[in-house]
Amino acid sequence: MVTATAFGLGGCVSLPEWRREPTPEPTPTSWEMAGGNAHNTSRLTTTAGSQIGDAAWRRSPGSQFASPLVTTTELGLVHTQSTVFGFDKADGTVAFTHSLPGGVAAAPAVTDSLVVVPRDTVGEGFDQIDLDTPTVCAIDHETGRRAWEHTVDGSFLASVTVADDIYVQSDREVHRLTANGTAVWRHSFEQPFDLQKIVSYIRPVVGSDAVYVVHRGGVIRLDRATGEVQWTRSAWEADFPPVVVDETTLLASTGDAVVGLRPDDGRVRWRVDESPAWGPAVTDAVAVFDIDDGGLLGVDPAAGEEQWRTEDGHTICPPVVASGSVFTGGTTLSAVDTATGDRVDTRDVRTSVNWITPDADGLLVRESILGAPTIKRYSLR
């Protein structure tokens, strides 16, 4: 597991002015992969290709980062130990940088006008801690300046989720915030995580009338309007956030099984006894799991029936779905047909792919080259 263990330096300061004229605000499809849907950053509704082209560019932010890459219409956003970078997706040039206090937490999220960045109070590699409590910093798209900050009790922050509002989870609390940083409600846990288990792929998951979170191995449903607990499933060791498929099915990944739950009461609809290495990537017709024994497993999310299985070794990053293909990473970057499990395309990257974010124009990936994190942009056709 990748944990939030690195400090950053400096304070929330103003960004340089944009190097180009302001552009129209992104449409919702440009930030769905940053947490703006119920499918746990694993589904892209925009049409994309499945053939993986050459790398258009590669850049190194010069600092470690553990969280997934997120995008707007024009930018790829990277959250490092001390800085948020915005890379132009067309050519990889740096559009902005922004220094932040505290330690690097999990993935940021994007609204129509803001980049919302979580920052922690703990880490390693730096002598001083300049935050007393976890803090969410919001940066304005157009001006590049800090819009607001919001503090949360605890030590560790999960990834941020954007739906109608902004949802933030720490090891002690869940908050719902408006776009201007005003708290709508907060839910406090009786106990924090016993270990540092808030990691870059943990985040609140928003359904039509509920918010689902993982805490101390259990799945909790909170009322979306009030933050009150509606049910808790605490008998499992859930290491990944659940996934909302539709109004009838919620998927939970435990240490030794994939479980389909009823969203209204948390009762089990079906169970597949396979150990998932990551949370699933889903379409309306199939949920794709990378299983510990090796390979991908396609399951009907309504009935829990196996649809297909591949025998390839498991990957080192969560699978993601875009336009009929599931993309996986490791020493190769691969595309598999979600309907059949057949390999569509593959590319030998001669290193390791740790995160993948697809959009309509290509794949933005994190690779490790000689131990240094590197961002690459691959075309899709």
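The turns below go from the whole chain to its sheets, ring pairs and single residues.

Q: What kind of model is this, and how are residues numbered?
A: This is a predicted model, where local features need pLDDT of at least 70, side-chain atom pairs count only at pLDDT 80 or more, and totals for chains, interfaces and linings use all residues. Residues are numbered from 1 along each chain as its sequence is written, and side-chain values use heavy atoms, with hydrogens and water left out.

Q: How many helices and strands does the chain have?
A: The chain has 0 helices and 35 strands. Both are DSSP runs, numbered from the N terminus: helices are H or I with at least four residues, strands are E with at least two.

Q: What share of the chain counts as buried, and what does the word require?
A: Buried means under 20% relative accessible area; exposed means over 50%, and partly exposed lies in between (1.4 Å probe, protein chains only). Of the 381 residues, 60% count as buried.

Q: What share of the contacts joins residues 24 or more positions apart?
A: A contact means heavy atoms within 4.5 Å. Among contacts in the chain with a separation of 6 or more, residues 24 or more positions apart account for 51%.

Q: In what order do the strands of the sheet with β3 and β33 run?
A: The order is β3-β35-β34-β33, an open sheet of 4 strands with antiparallel pairing. Why do β3 and β33 stand at the edges? β3 (52-59) and β33 (352-358) each have a single partner strand, so one side of each is left without a neighbour in the sheet. From one strand to the next, the twist averages 30°. Axes here are lines fitted to C-alpha atoms (for helices, over the stretch in contact), with angles running from 0 to 180 degrees between N-to-C directions.

Q: How do you know that β33 and β34 pair?
A: Two strands pair if DSSP finds at least two bridges between them. β33 and β34 (residues 362-369) are joined by 6 bridges and run antiparallel. Opposite P358 stands L363 in β34.

Q: What makes β25 and β28 edge strands?
A: Their open sheet has 4 strands in the order β25-β26-β27-β28, with antiparallel pairing. β25 (281-282) and β28 (306-309) each pair on one side only. Further in, β26 (residues 287-290) and β27 (residues 296-299) share 4 bridges in the antiparallel sense. V299 in β27 is the bridge partner of A287.

Q: Why is the pair of F85 and F87 called stacked?
A: The structure holds 5 aromatic pairs. The F85 and F87 ring centres are 5.8 Å apart and the planes are at 20°, so the pair is stacked. The rule: rings of Phe, Tyr and Trp (its six-membered ring) pair if their centres lie within 6.5 Å; planes under 30 degrees apart count as stacked, over 60 as edge-to-face and the rest as tilted. Both F85 and F87 are buried. Ring pairs link W57, F85 and F87 into a cluster.

Q: Which residues are 6.1 Å centre to centre, with 50° between the planes?
A: Y212 and W231 are, and their aromatic pair is tilted. Y212 lies in β18 (residues 210-215) and W231 in β20 (residues 229-233), 19 residues apart. Y212 and W231 are both buried.

Q: What makes β11 mostly covered?
A: In β11 (residues 135-140), 5 of its 6 residues are buried. β10 (residues 114-120) joins β11 through 6 antiparallel bridges. β12 (residues 146-151) pairs with β11 in the antiparallel sense over 5 bridges. T135 stands opposite T151 in β12, and R119 stands opposite T135. The hairpin of β11 and β12 has 5 residues between the strands, and there G144 takes a positive phi near 70°.

Q: Why does T121 count as buried?
A: T121 has 8% relative accessibility, so the residue counts as buried. T121 is found in the loop between β10 and β11. Its side chain reaches the backbone oxygen of S155 at 3.5 Å.

Q: Why is A95 called buried?
A: A95 has a relative accessible area of 8%, so the label applies. A95 lies in β7 (residues 94-99).

Definitions and conventions: Polar contact = N/O pair within 3.5 Å; in protein donor to acceptor, adjacent residues only side chain to side chain.
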